[in-house]
Amino acid sequence: MKHKNRSALRRAIFASGIAACACALAAPARPWSDAGQSPDARARALVGQLTEAEKFQLIHGVFAQPDQAHNWPMPAGAIGSAGYVPGIPRLDIPGQQQSDAGLGVANPVNVRTGDVATALPSGLATASSWDPQIAFAGGAMIGGEAWHKGFNVMLAGGVDLQRDPRNGRNFEYAGEDPLLAGTLVGETIRGIQSQHVLSTVKHYALNDQETARTTIDVRIGERAMRESDLLAFELAIARGRPGSVMCSYNKVNGDWACENDFLLNQVLKKDWRYPGFVMSDWGATHSAAKAANAGLDQESAAEVFDKEVYFDAPLKQALAYGEVSHARLDDMVTRILRSMFAVGLFDHPPQKGPIDADANLAVAQRTLEAGAVLLRNERTLLPLASDLHSIAVIGAHADKGVLAGGGSSMVIPRGGNAVTGLEPATWPGPVTYDPSSPLQAIRAAAGHAKVEFASGDDPVAAAALARQAQVAVVFVQQWTAESFDAADLTLPNKQDALVAAVAKANPHTVVVLETNSPVAMPWLDQVGAVLEAWYPGNAGGQAIANLLFGRVNPSGRLPVTWPRDLSQLPRPQLPGAVAAPGTPPPATVDYGIEGADVGYRWFQRKQLQPLFPFGFGLSYTSFAQTAPQVTVRDGLPRVSVEVRNTGSRAGADVVQIYAQLPGNPIRRLAGFAKVTLAPGQARTVEVPLEPRLLSEFDVAKRRWIIRGGSYAIYAGRSATDLSAAVQVKLPAKVP
């Protein structure tokens, strides 16, 4: 019996040995290829296989288009766009094909001849939707297009707060409030990365003006920046988990953002525990050892944009001299690989293929329909009646298309540029109009009505046409772009005179704004209705017509405060924006004036009445909100509000919850929710509040702290249209 047992044991051992050998033979030769492992484990396994030369290859991207001025050819292997990091075939590391930007897949200088893409409306239009689902859908759309074009990195996720309406790049961002901006941009990032395309979040940090952006030093205290711009980034990163953070051009409190130890190491990587990598903006790197030690992981397009390629020979020398450790080099590479694994660049490489253009145009159209803001509607001029017999459409090339912003985010739209020959023709142009004609869409929606067009170049002729029509719809525009700020809030090319002439000729005048940001409207009281359409995107004409005729009920709410004039701003004169040629740019900008009280919070502090408040927007129906009911769970409040559609049309309302902390007179947005209701329908909306908006940032302890005490909670429809306060006591805690 014992002999039989020993034989059985030997057979079992022999069998297990064969199995072990088989398992060893079946084990992957490249453990980083095992998708069942965590991104961190895969990155650690792979970095150990790299030579030093290969590591340097990953921390330095090149410009992905030819540049004659710098004698720079198209890099081998690059598709052609903003940047390219060559892959390492022997280890199956894919290259990074990096494309601008957050409003669609850009094609700079038509480097990919004839390649067009779907242009989303501006970032402010998405922010005006107050709808995370709209933001996610837009991100997923552009991420999907990028993936099908062969790109795996999008330089998207703009979340710099609007501290000034003159900033020429406001259209890329998401407004003035950290909660709204962080939430919506976070969802856009999440949408992009759902398509296995790595997204950045940018421009980190406080790149809140274009004037002197490559030289200016932003001055602001730590608590103020933590509770404003940095909070927007913190929320966007927590929600979207971007693979990369793009550091900005400017200095912050004396150090360049891309070699700023406080921003990159202390805040981003230590306090927020960010696991991804930091890439520089194009031309934003200024050193080798200092930048690497401060937290920069990848230098972008240095051959063309930086003074030298810092993350090549200078960094190698710094390694040799012990100024930068080899452990830091490995950390840089590990972070890059970790993000590539986490988003799916290894396991789901881009596959060039057909794009569903109709479906993507529908996403762009829904974005504007959700984000256009009805600012004025006297005597219910809108929606336009179905029995109109004559309409005058005037101005802003509305017969051809709708305006887009300029710079690196500009998309060559489906159908091409609808209006050619405008200046500037070169960077940051060309001025581009997406080929979605409001005139054609209005004609289609107006049935048998006679719809005629005037260019608006001659205000007298435009007024004559308006006088003969039942309704006049005037389109006005303000083109802005990356690299410059507007001098003031005035519409260019004497468009104010055009609107005034048309309004005098026809009291039933509707103005449609295609603007970067708030503008002056000296004619506001003379017109019947105003619709802010921002930069409307590739299906903007159809969306505008749907809104004007009531096929879609406007539900956008302002993500920015609309000032009456420049005197209401923290800096009425923007330093350097209108300087004479040859004037030295400003050395600093003082954001400590408003600190964390950006936008509507500044207006509260100074007791100013804006033209339109943050959160404002009209509808073709009406809503009633009950007083907020507040309950406390685990030391944090949750707010319930019943919303009822009291009008005759279906529509959407935005419940906005503001909190006032003990001892602080400023109300801040702490939660929001958008709800769609049929006529007569009511729904109770429960809104959780963001703990960091109930907190103060304790600089000494380096953390958010709810101080505890009596908090005032308000519900309403804008920063100035609020319920009576509900007092609630909260315990002190660390959220």
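1. Two strands pair if DSSP finds at least two bridges between them.

2. Val 218 has Val 589 of S19 as its bridge partner.

3. Strand S11 (residues 373-377) has five of its five residues buried, so the strand is largely enclosed by the rest of the structure. S11 runs antiparallel to strand S18 (residues 529-532), to which four bridges join it. One of the residues involved is Asn 377, whose bridge partner in S18 is Ala 529.

4. Helix H6 (residues 178-193) packs against helix H8 (residues 229-240) at an angle of about 35 degrees, the axes lying 7 Å apart. The crossing of H6 and H8 is right-handed. H6 contributes residues including Leu 179, Gly 182, Val 185, Gly 186 and Ile 189 to the contact, while among those from H8 are Leu 231, Ala 232, Leu 235 and Ala 236. By class, the residues of the contact of H6 with H8 comprise eight nonpolar, five polar and three charged.

5. On confidence, the protein has an average pLDDT of 94, and 96% of the residues score at least 70. Over residues 1-27, however, pLDDT stays under 50, and the model has zero contacts beyond four places in sequence for this stretch. Where pLDDT is low, predicted coordinates should not be read in detail.

Conventions
Residues numbered from 1 in each chain as written. Predicted model: local features only at pLDDT ≥ 70, side-chain atom pairs only at ≥ 80, totals over all residues. Heavy atoms only, no water. Axes fitted to C-alpha atoms, helices over the stretch in contact; angles between N-to-C directions. Helix = DSSP H or I, 4+ residues; strand = E, 2+ residues; numbered from the N terminus. Left-handed = near helix turned anticlockwise from the far one by under 90°. Contact = heavy atoms within 4.5 Å. Nonpolar A, V, L, I, M, F, W, Y, C, P; charged D, E, K, R; others polar. Buried < 20%, exposed > 50% of the residue type's maximum accessible area, 1.4 Å probe, protein only. pLDDT = per-residue confidence, 0-100.
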